Amino acid sequence: MTVDDVLTEGLLTRIRARAADYDRENRFFDEDLAELREAGYLRALVPVELGGLGWSLGDALQAQARLAGAAPATALGVNMHLVWTGVAKILADRGDDTLGFLQREAADGEVFAFGISEAGNDLMLFGSRSEARPQPDGGYRFHGRKIFTSMSPAWTRLGTMGLDTWSSDAPKIVYAFIDRDDPDVSSLDDWDTIGMRASQSRTTVLDGAFAPADRVVRRLDPEPNADPFVFGIFAAFELLLAAVYTGIGDRALELAVEAAHARTSMKFDGRKLAHDPDIRRRVASAAIAQDALAPQLAALAHDVDALADHGPRWFPKLSGMKVRATETARATVDQAIRVAGGRTFFAGDELGRLSRDVLAGIFHPSDDESAHATVANAWLGPIPE
């Protein structure tokens with residue numbers, strides 16, 4: 001099944017129609033998720049032979065941009081499930097079956113969430129404020145708080161990590177998967193944000209949550225490394241995020257065009273704003289910037305799928321893509337608001353909502369500072385100690 005077969009115009013129309021209500025009511029996108037699940041969307045990156053759709057990463061990026069144009073918070077929430085199925089695909093393509101169980105469970109309907117982010121942890125994958133305490137059977141118990149856990153009302157499996165300081169080879173960052181029905185997992189009802197409200201990315205509390213040995217997927221030194229698992233997370237996370245924000249920018253541009261043709265100017269004898277040179281320049285500037293994103297996303301996705309070897313340049317390429325997409329989307333939304341005018345200042349306006357949703361791009365890793373440091377190190381070398 002192609003992207004068009006799954007994300008039909010009818011489905012996208014229904015999803016777009018619900019987005020404003022979810023935002024106003026600060027409610028999870030239950031109906032969207034049910035329809036997307038029924039359409040097979042959560043199995044998009046799972047191989048056909050396991051019951052999935054067998055999409056390429058490029059297919060998934062195209063689909064996520066399209067979904068984000070209809071409902072950004074829904075796309076962002078689903079993104080985190082697709083990140084894990086994307087990591088599983090990236091590893092499998094490289095001959096690593098570590099996450100084969102994840103592909104099979106995703107095909108069976110399990111919903112995966114991304115439980116990595118922690119307050120105050122700017123080391124991200126290379127450090128943790130959570131504890132991973134080894135158990136005699138090879139499993140681990142996790143203690144800590146994970147923030148921005150998208151799809152908190154719906155996930156059934158959580159991919160998480162913590163720091164093992166007890167083992168003989170410690171310290172190690174431990175990555176593992178835990179079940180939702182674990183009694184030592186709880187979710188706080190603390191998601192009251194200005195944007196991306198329907199994602200319901202609540203705080204997850206781990207108070208000894210158990211991951212058995214067969215769900216412990218990596219033990220790595222807490223420092224930057226080229227392990228394929230780390231690359232998989234970085235590639236899937238950054239590119240899927242970039243796709244979501246590209247979709248937001250694309251939709252903002254569409255709304256700007258509609259507004260320019262709908263609004264008239266008394267100053268210009270009642271002519272449409274689409275004929276105003278200043279408005280035309282705003283729309284053109286946004287279009288020029290947006291047009292650059294899709295080819296870059298497609299090229300990077302192709303290289304990931306084709307096992308291209310960019311060596312240490314992979315990380316600056318991926319983090320740079322994420323920052324370009326999020327910053328471009330913010331600029332495009334800003335231009336669209338200036339074209340559409342004061343109506344966007346009202347909470348029920350779609351562009352007004354996009355202006356709040358797009359702000360979340362600032363906070364996802366890699367942030368602007370981290371990405372620039374990564375790129376500077378790639379081109380100039382690290383700063384001597």
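The largest nonpolar core holds 119 residues, and the members that touch the most other members are Tyr-41, Trp-84, Leu-99, Tyr-175 and Tyr-245. Helix α7, which spans residues 228-262, gives the most to this core, with 22 residues. Such a core is a set of buried Ala, Val, Leu, Ile, Met, Phe, Trp, Tyr and Cys residues joined through side-chain atoms within 4.5 Å, where buried means under 20% relative accessible area with a 1.4 Å probe and protein chains only. Helices (H or I, at least four residues) and strands (E, at least two) are DSSP runs numbered from the N terminus.

The model is predicted, with local features needing pLDDT of at least 70 and side-chain atom pairs counting only at pLDDT 80 or more, while totals for chains, interfaces and linings use all residues. Residues are numbered from 1 along each chain as its sequence is written, and side-chain values use heavy atoms, with hydrogens and water left out.

Rings of Phe, Tyr and Trp (its six-membered ring) pair if their centres lie within 6.5 Å, and planes under 30 degrees apart count as stacked, over 60 as edge-to-face and the rest as tilted; the count comes to 13 aromatic pairs. The centres of the Trp-84 and Phe-114 rings are 5.2 Å apart and their planes stand at 45°, so this pair is tilted. Because Trp-84 lies in helix α5 and Phe-114 in strand β1 (residues 112-115), the pair ties together parts that are 30 residues apart in sequence. Both Trp-84 and Phe-114 are buried.

| Space | Volume | Lining residues |
|---|---|---|
| Largest pocket | about 1,300 Å³ | 47 residues |
| Largest cavity | about 80 Å³ | 13 residues |

Closest to the centre of the pocket are Met-124, Pro-365, Ser-366, Asp-367 and Ser-370. Nearest the centre of the cavity lie Ala-19, Ala-73, Ala-198, Arg-353 and Asp-357, and α2 (9-25), α5 and α11 (350-357) each give two or more residues to its lining.

How values were computed
Buried < 20%, exposed > 50% of the residue type's maximum accessible area, 1.4 Å probe, protein only. 1 Å grid on protein atoms, 1.4 Å probe; cavity = no way out; pocket = protein on both sides within 12 Å on 5 of 7 lines; lining within 4 Å. Points joined across faces, edges and corners; volume = space filled by probe spheres on them.
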